[in-house]
Amino acid sequence: MRRRARGAALAGALGLLLASCASGPALRVAVARPAVPAPAENGPLRLDREPVIAVGLAWDLDSLTLEVAEAEVREVSRPEGGRSLAARGAIAFRPRGRAVEVACALPAGGCGDVNLAGGVALPDTVVLLHARSPGGVPGFRWRGRDWRGTPHVFVNPRGRLTLVTRLPLESYLLGVVPGEIGGLSQGLLEAGRAQAIAARAYTLYYRGRRAGEGFDLYGTVEDQVYGPVDTERPLATTCVEGTRGEVALHDGQPIRANYCADCGGITAEVWEAWPAAPAAYLESRRDRGEGGDFCAASPQHRWRERWSAEELLANVRRYAPVLGLELPPGGLGTLVDVRVDARSRSGRVWRLLVRGTAGELAIPSYAVRGVLRRGGRPELILRSNLFKIGVRRDPATGRALEVLASGAGAGHGVGLCQTGALGMARRGASAREILAQYYPRAEVRRLY
């Protein structure tokens with residue numbers, strides 16, 4: 001009963017929230033919530049040392065060049081270790097069947113006493129051990145920038161090259177936290193610490209997620225943005241080092257620590273954004289205190305979009321099939337109406353109906369942002385699913401002229417709201433208080 005009451009309160013709060021930024025009828029909220037699964041049977045996570053993470057930097061490459069001040073090039077597919085060559089300078093890689101062709105550029109570089117300007121094939125995976133970049137960083141230079149870690153190069157299942165860096169978790173976070181939380185000041189360090197703890201939990205929760213590609217996580221927005229050494233920032237490094245080994249846990253396991261740029265004033269439950277089971281620590285909550293929304297400072301906290309009737313239908317026709325949605329056999333014709341058919345627990349669009357003169361299409365929550373896109377900027381997906389939408393019509397004929405939307409926030413809305421975390425830090429909240437707001441019923445413990 002308490003959970004139902006909280007859901008009703010959140011839905012009502014959302015109606016007031018969006019009413020403040022858009023005119024029109026109140027939101028109609030249809031709540032559909034999957035059953036809560038039984039707790040995981042895995043015991044508490046125990047680590048006897050800092051984990052090593054494999055990060056995918058690039059894949060499906062036809063060629064690749066890395067630069068090192070020094071390194072040991074080794075093939076690692078054979079149990080006995082395979083062939084090993086000392087290397088320096090620019091090292092070029094190309095796929096040759098299932099092998100990796102390695103060529104050291106001369107005279108700028110070389111591989112031991114062997115001139116490999118013509119290339120030599122090394123089986124499967126090639127690793128550059130003890131690598132040091134030209135900038136002196138333990139790592140390598142790629143595309144003119146220094147990266148931490150030990151680079152691995154291999155031919156992926158599609159016959160092209162993949163570049164992976166393997167590095168300790170804390171070193172990985174040095175390149176993640178500044179790109180995710182943004183610029184920090186002394187007064188915002190608690191938000192940075194909360195981001196570091198969340199990113200550490202995210203990494204451990206998803207470790208091995210991309211095993212089919214040969215690494216743990218993408219170094220992109222598909223997982224967590226991981227940047228080269230020049231993107232690291234001293235204050236973000238302080239936040240990582242000051243929380244070393246601290247992980248947000250639930251039932252002893254790292255939490256699925258999703259986070260977004262701006263929740264718009266209310267967070268979403270995990271099943272609202274992905275086909276996932278509910279999690280006790282990812283519930284929908286109002287993102288506000290006595291001074292209003294924690295994330296109110298975001299430039300995307302309130303937004304509007306408009307499309308001509310023709311533009312919106314063009315986006316639907318182009319992007320719906322890409323996202324697996326089948327258009328009506330006779331197409332859509334000209335636009336008649338666009339309306340929200342159902343909303344999820346937090347008030348986000350759960351199902352959107354686009355009706356034309358020739359047919360109708362129901363767009364599910366996971367596809368709404370990718371199908372509608374931004375008005376006049378179809379290269380960008382819609383900011384969030386938290387919006388109201390309506391049609392402006394010709395007063396004489398009733399024909400649809402424009403589609404107008406007013407919404408809140410940016411991103412999926414699940415878990416830590418990054419702008420909200422910064423807002424809480426400005427109000428004096430600690431990192432643990434911030435984490436308790438966005439991951440209720442999770443605890444923070446140091447694992448190594």
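**Exercise 1.** Is Asp-251 buried or exposed?

*Solution.* The structure is a predicted model.
Step 1. Locate the residue: Asp-251 sits in the loop that connects β13 (246-250) with β14 (253-254).
Step 2. Apply the cut-off: a residue is exposed over 50% relative accessible area. Asp-251 has 51% relative accessibility and therefore counts as exposed.

**Exercise 2.** Determine which residues of helix α6 are buried and how they are arranged about the helix axis.

*Solution.* Step 1. Helix α6 spans residues 309-319, and its buried residues are Ala-309, Leu-312, Leu-313, Asn-315, Val-316 and Tyr-319.
Step 1. Viewed down the axis of α6, these buried residues fall within an arc of 155 degrees, so they line one face of the helix. In general, an α-helix has 3.6 residues a turn, so residues three or four places apart point the same way.
Step 2. Exposed Glu-310 and Arg-318 are on the face of α6 turned away from the buried side.
Step 3. The cover over the buried residues of α6 includes β18 (302-308), β19 (335-343), β20 (349-356), β21 (360-364), α7 (365-372) and β23 (400-408).
Step 4. For Tyr-319, note also that Arg-373 lies over the face of its ring, at 3.9 Å from the ring centre.

**Exercise 3.** Describe the sheet made of β19, β20 and β21, and the helices on it.

*Solution.* Step 1. The three strands form an open sheet, ordered β19-β20-β21, with antiparallel pairing.
Step 1. β19 and β21 are the edge strands, each with a single partner, so one side of each has no neighbour in the sheet. From one strand to the next, the twist averages 15 degrees.
Step 2. Antiparallel β20 and β21 are joined by five bridges. Val-354 has Leu-361 in β21 as its bridge partner.
Step 3. Helix α6 lies across β19, β20 and β21, at about 60 degrees to β19. Helix α7 packs on the sheet, touches β20 and β21, and makes about 115 degrees with the direction of β21.

**Exercise 4.** Explain what the aromatic pair of Trp-59 and Tyr-218 ties together.

*Solution.* Step 1. The whole structure contains 11 aromatic pairs. The pair of Trp-59 and Tyr-218 is tilted, at 4.6 Å centre to centre and 45 degrees between the planes.
Step 1. Trp-59 belongs to strand β1 (residues 52-61) and Tyr-218 to strand β12 (residues 217-218), so the pair ties together parts 159 residues apart in sequence.
Step 2. Trp-59 counts as partly exposed at 26% relative accessibility, whereas Tyr-218 is buried at 14%.

How values were computed:
Residues numbered from 1 in each chain as written. Predicted model: local features only at pLDDT ≥ 70, side-chain atom pairs only at ≥ 80, totals over all residues. Heavy atoms only, no water. Buried < 20%, exposed > 50% of the residue type's maximum accessible area, 1.4 Å probe, protein only. Helix = DSSP H or I, 4+ residues; strand = E, 2+ residues; numbered from the N terminus. Arc of directions from axis to C-beta. Contact = heavy atoms within 4.5 Å. Pairing = 2+ DSSP bridges. Axes fitted to C-alpha atoms, helices over the stretch in contact; angles between N-to-C directions. Phe/Tyr/Trp six-rings, centres within 6.5 Å; stacked < 30°, edge-to-face > 60°. Lys NZ or Arg CZ within 6 Å of the ring centre and 35° of its normal.
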